[in-house]
Amino acid sequence: MQHLSIVTASLDIANLPSICLRQKAQDVPDEIFPETLRSIIEGMVFSLYSAGGVGLAAPQVGIGWRLFLAMERDPNASPMVLINPKFVDMSEEIEEGREGCLSLPGYFSTKVPRSKVVKVEALNQVLEPVQFEVHDFLARVFQHEYDHLDGILYTDRLKSLEDLEATRSAEERARETIEHLYARPETTPQPDM
Ligand code: NI
């Protein structure tokens, strides 16, 4: 019998109202074929890079497993792979910050409350146990992605949906690009997760 190749290229990112975004994902089973796991991770990494994001959870590509990618906001950073993650500690200090989501294109909020520091235990891409303590931006990405594993979106964390903002239209972006060519200092837009 031939092995089934699950992923051959980039995985499509699901948008709401896709049901997989609202379901609780299951642990990645111990007995998973290494090549199946590798193939899923490669597909997700490809999708993450294609979308220019900083995080991607398996349910966002229609896979109901507890697995996500997360990376720093640095073009040279490579994504960390976290499988069956558990937060073993979260700081009580909460900070509101900006988040957008690849599954909710066109929106963002600057008022998403998150712990400033989280400690997480997980398995890496070859199913070895790993531990991280992450701060600030990366802690935010971890919490955003972890929420995806429980079917939670950042919009659920807002006090009010009035805290949700629309991203700039293509026209506005084009106008800004032209303005940048002349005067303004460069600003980097924050990527989605
Ligand atoms: Ni997201």
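Modeller: Happy to! At 1.5 Å a residue, the 18 residues of helix H1 (residues 34–51) should span 26 Å, and the end C-alpha atoms of H1 are 26 Å apart, which agrees. The expected span of a helix is 1.5 Å times one less than its number of residues. Helices (H or I, at least four residues) and strands (E, at least two) are DSSP runs, numbered from the N terminus. Please keep in mind that this is a predicted model, where local features need pLDDT of at least 70 and side-chain atom pairs count only at pLDDT 80 or more, while totals for chains, interfaces and linings use all residues. Residues are numbered from 1 along each chain as its sequence is written.

Colleague: Within what arc do the buried residues of H1 fall, seen down its axis?

Modeller: A residue is buried if 20 or more other C-beta atoms, placed from the backbone, lie within 10 Å of its own, exposed if 12 or fewer, and partly exposed in between. In H1 the buried ones are Leu37, Ile40, Gly43, Met44, Ser47 and Leu48. An α-helix has 3.6 residues a turn, so residues three or four places apart point the same way. The buried residues of H1 therefore line one face of the helix, and the arc, taken from the directions from the helix axis to the C-beta atoms, is 135°.

Colleague: What is the order of the strands in the open sheet of three strands?

Modeller: Two strands pair if DSSP finds at least two bridges between them. Strand S4 (residues 94–99) and strand S5 (residues 107–115) pair in the antiparallel sense over five bridges, with glutamate 95 opposite arginine 114 and glutamate 96 opposite proline 113. S5 is also joined to strand S8 (residues 165–166) by two antiparallel bridges, and phenylalanine 108 has glutamate 165 as its partner there. S4 and S8 are the edge strands, each pairing on one side only, and the order is S4-S5-S8.

Colleague: At about what angle to S5 does H2 run?

Modeller: Axes here are lines fitted to C-alpha atoms, for helices over the stretch in contact, and angles run from 0 to 180 degrees between N-to-C directions. H2 lies across S4 and S5, and its angle to S5 is about 100°.

**Backbone and whole chain**

Colleague: Is leucine 127 buried, partly exposed or exposed?

Modeller: Leucine 127 is in the loop between strand S6 (117–123) and strand S7 (129–135). Its phi is positive, about 65°, although it is not a glycine. With 13 other C-beta atoms within 10 Å, leucine 127 is partly exposed.

Conventions. Two residues are in contact if their C-beta atoms, placed from the backbone, lie within 7 Å.
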